[in-house]
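Morning, everyone. Let me put the structure up, and then I'll walk you through it.

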Amino acid sequence: MDINFIGLILASIMASAVPLILASCGELITERSGVLNLGVEGMMIIGAISGFALMTVTGNLFIAVIGAMLAGLLISSIFAFLTQTLITNHVATGLALTIFGIGISAMIGKNFVGIPGKEFPVLFDGLKDTIPFLGPILFGHSVVFYFAFALPFLTNFFLKKTKIGLIVRAVGDSPVSASNQGINVKLVRYSCILYGGAMCGLAGAYLSMIYTPQWIENMTGGRGWIALALVVFSTWNPIKILFGAMIFGGLTIIQFHMQAIGVRIPVQFLSALPYIITIIVLVVISRDSRKIRLSTPSSLGKSFYKDN
Amino acid sequence: MKLPPKNLVCLWEGEKLIKIVKRDQPSRAIFFLTPVLAIFLTLVAGGLIFYILGFKPFEALKFFFIVPIADMYGFSELLLKATPLCLIAIGLSFCFKSNNWNIGAEGQLTFGAIVSGGVALLFYNQEGFYILPIVLLAGAVGGMLYASIPAILKTYFNTNEILVSLMLVYVSKLILDYLVVGPWSNPEGFNFPETRQFSESARLPLLFEGLRIHAGIFLALAAVIISWFIFYKTYLGFQMKVSGFSLKTARYAGYKGKKMIILVFLISGACAGLAGVGEITGPIGQLHREVSPDYGFTAIIVAFLGRLHPVGIIFASLVVAITYLGAETAQIFMQIPKYTGQVFQGMILFFLLASDYLLFFKFKFIGSKK
């Protein structure tokens, strides 16, 4: 096994981590504002079909990517309106969003099954072979890929160093005090939910347009839920999402390679591995209840109602 | 014109003013009326979607909600689909009432089906009155075992039960897939992903000649009655209600929170497991790849639509079961994609949650102002 091959494997692990990073970073901002949106899976699948459909119909990749983000934003606005304006339960509304999203996406996607996708342009493809090992890791990826790996750092900077980031955290930790400071809690939460929706839409578009360029029903296959688990895993720290997503991306890729070299383990067991590992990791992280309590946004999942 | 004060929402400019006021107490009448409102709104929105898709809205709704249950066979199919939904939703209502978010009933159903299917295969080609009870028990135990995982992880390791129970759904489906393709597949089955047919004694008897409705419906009805009794007539039901409202209060009153969590998960696991047994020992009589068309997830909607009340859940399971049948009929007769069923299910829950607003707030007319 030469060093270039390891580089290639690492690059493929990174590629499979991209949708998880995008969705988790979006959901992280939403959760930091105190809103628990369980609709990640639904928003991702809506993004996936919207991106693919727009790409097929318009032929323009830029429109497709932006459209997928808008679709994710649009569907999350239902969630935002229900939980923020009509003060519904976050968990139930998120579940409804997922069920609805999967149904709608399958309905729209009926006419797009079996259509081959388009090739998505990659950047710096020529530089791939110039550096051994690092070449395939650094070069020859789509613009979404580079964005995804910058996103955790941007998110971290946003939350820790900017005023708006501080406001988001304040709203998540104590909506009452934030409101007393004159912050419009509803507006902040609305924005965070919509942002999360757009990121999940982008994550879905990455799956259907770049990672496996085609539309398959239910193609997110639980990635949305793993993204939700990643937010807990990261203890609401965006940088740790990067590592978590790499681990889960690695599990997916290793599964393929183990099948390829003929390891005699049932394929179903390998497919179940990411879910089982998620549970184990969740247990290990959550066991320390003090740490979880310190890092969880205090108002997470609780509705805020201000009697004006 | 003078602008209305900030807390007044002006609906007809200058004429009438409507104020949104928080109710002192949630309205009980509206509590049971909003599900009806939600169903009505879903029909309206559904008609709109059909219209956008290019179908005649009324005709499509007719094929979706009336044609499937117009004859005896259709009605029995409705009961057939409503049975597992009702059974699972009853179990879930124990969890939801006490604020435990078990959303992995689909996994508990699948695991119940796996365990009971395994036991039924042990009795392959054997007959005896004792077989069916053992198979049923195995299913319930399977569901309970599977539900105990998120329960124990929640109580002793502080792990989020939503994510754990959901991850286990994917795991259970993969286990089932492994078994029916591999070790349990029918040796004479030409490699179809299914097991041997269970013996007659391992199957829930069909109730009528020519219809698929089976004795599982009595399990669901028994669950309804027992749960009603537990909720409203026992101390346990009271404890559950209190812990649902406020965990702190429950702890202060000295209720055993951890035991309660495990108990409600076991109950809902048993119900889901039994629903799984019904699916494989009823009309089908073997284990195969898809034991349930997401009954476990849909039952969450049923539980909410039924207001976590046993009688409400009966009605809700019938209503939601129509979406399954309607989707099939509409696909056959009008080429409407079958996923419309899921879209309707999602919408029902959306509208139900939205109309809950009326529970806590009321619109107050404060006359006309010039």
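First, a term: a residue is buried if 20 or more other C-beta atoms, placed from the backbone, lie within 10 Å of its own, exposed if 12 or fewer do, and partly exposed in between. By that count, buried residues make up 50% of the 308 residues in chain A.

Some housekeeping. This is a predicted model: local features need pLDDT of at least 70, side-chain atom pairs count only at pLDDT 80 or more, and totals for chains, interfaces and linings use all residues. Residues are numbered from 1 along each chain as its sequence is written, while chains are lettered from A and ligands numbered from 1 in the order in which they are written.

Now the fold. Chain A has 13 helices and zero strands. Helices here are DSSP runs of H or I, at least four residues, strands are runs of E, at least two, and both are numbered from the N terminus. The radius of gyration of chain A is 20 Å, close to the 19 Å from the globule rule for 308 residues, so chain A is as compact as a globular protein of that length. That radius is taken over C-alpha atoms, and the rule is 2.2 Å times the number of residues to the power 0.38. Along the principal axes, the C-alpha atoms of chain A fill a box of roughly 65 × 45 × 40 Å.

Next, contacts. Two residues are in contact if their C-beta atoms, placed from the backbone, lie within 7 Å. In chain A, 79% of the contacts with a separation of 6 or more involve residues 24 or more positions apart.

Which helix is largely enclosed by the rest of the structure? It is α10 of chain A, residues 223–233: 11 of its 11 residues are buried, so it is largely enclosed. Among those buried residues are A:R223, A:W225 and A:F233. The cover includes α1, α2, α11 and α12 of chain A, together with α6 of chain B. After α10(A) comes A:T235, with a positive phi near 45°.

On to α1(A). Its 30 residues should span 44 Å at 1.5 Å a residue, and its end C-alpha atoms are 40 Å apart, which agrees. The expected span is 1.5 Å times one less than the number of residues. α1(A) bends by about 35° at A:A17, and a proline, A:P19, follows within four residues. The bend is the angle between axes fitted to the seven residues ending there and the seven starting there. Just after α1(A), A:G34 takes a positive phi of about 95°.
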